[in-house]
Amino acid sequence: MIRARSLGREGRKRRTSEKGGFERRPAPMLRIGIHTSIASSLASAAEKAAALGCNTFQIFSASPRMWRGSKLDPAEVRLFREAREKHDLFPLVIHDNYLINLPSADPVVRERSIEAFRAEMQRAMALGAEYLVAHPGSYRGQTPEQAIQVFAGSLAAAARGLRCDGLSVLIENTAGGGCALGSEPAELLELRRLASERVDFPIGFCIDTAHCFAAGLDFFAVLQAVGLEAVQVIHCNDSRSGFGSRLDRHEHIGKGGIGLEGFRRILSDRRLRRKAFILETPVEKPGDDRRNVRVLKALAKTR
Ligand SMILES: [Zn+2]
Ligand SMILES: [Zn+2]
């Protein structure tokens, strides 16, 4: 019986290939997702992403505004992993806590940041995340060059002794307001280069469209400068603030300075097919999340 079935399958395959002339490999599936909340449970964040029509998503693995994250409950983690599997949500992106400032000149803040980032890495691995997105932090009280060195040292301290199978840390570009490190490609490259010398897991980039715009930089020029292959995740946000304003204000796709045409160019670029596109757009009225996912998917179809 099993044999007959497998022969049948072979037969079908042969017929289609005779008909089509040659077997074509399917185009890789574009990965479009959104940041969802874990407020009710981890699994519900995955279910929400799937219900919105996503095939990838981003979460905070604990409260983003508290130093100490609560312990992950193994039963919850299992449900979360099952939901991801069931809905083919790949990759999983975790965004780090907003309080973390790895290059801080203040030793107390730096120690807390190292401890919190270590916990981020541990939770990311427990959840089976592929990517942990990290903000480079603030260079206040130092030169940017010094801060980049401190960032690398802090990251190494956070990761000491951890085995990071399957996890990459992605450094996110910033809008460059105040003393924010990492708006310029040169800084991003240096952050990655120095950090990579100190750790044994991959370090890549997450490039945010709104941050490029606010920093007064062309998104494609940034990609080119940091190296396309090092960019794994693209944060898709339109910008409520002006070009070069250095203000980080996310807007609904098509409603900001980047506009629908700008996003069409991004979503239809063949070189970006294997990247994960993640929305971090505001949810101001019910359905905003669904609308933004729908717009991105529609733009991707016009490739
Ligand atoms: Zn972002
Ligand atoms: Zn932002």
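1. Helices here are DSSP runs of H or I with at least four residues, and strands are runs of E with at least two, both numbered from the N terminus. An axis is a line fitted to C-alpha atoms, for helices over the stretch in contact, and angles run from 0 to 180 degrees between N-to-C directions.

2. This is a predicted model, in which local features need pLDDT of at least 70 and side-chain atom pairs count only at pLDDT 80 or more, while totals for chains, interfaces and linings use all residues. Residues are numbered from 1 along each chain as its sequence is written.

3. The axes of α9 (residues 259–267) and α10 (residues 288–301) come within 8 Å and cross at roughly 60 degrees. That makes α9 oblique to α10, since angles under 35 degrees count as roughly parallel, over 145 as roughly antiparallel, 65 to 115 as roughly perpendicular and the rest as oblique.

4. Where these helices meet, Phe263, Arg264 and Leu267 of α9 are in contact with Leu296, Leu299 and Ala300 of α10, contact being C-beta atoms, placed from the backbone, within 7 Å.

5. The largest nonpolar core has 82 residues, and those with the most contacts inside it are Leu132, Leu170 and Leu296. Such a core is a set of buried Ala, Val, Leu, Ile, Met, Phe, Trp, Tyr and Cys residues joined through C-beta atoms within 7 Å. Helix α5 (residues 144–159) gives the most to this core, with 8 residues.

6. Proline 202, in the loop between α6 (185–198) and β6 (203–208), is partly exposed, with 16 other C-beta atoms within 10 Å; 20 or more would count as buried, and 12 or fewer as exposed.

How values were computed. Chains lettered and ligands numbered in written order. Contact = placed C-beta atoms within 7 Å.
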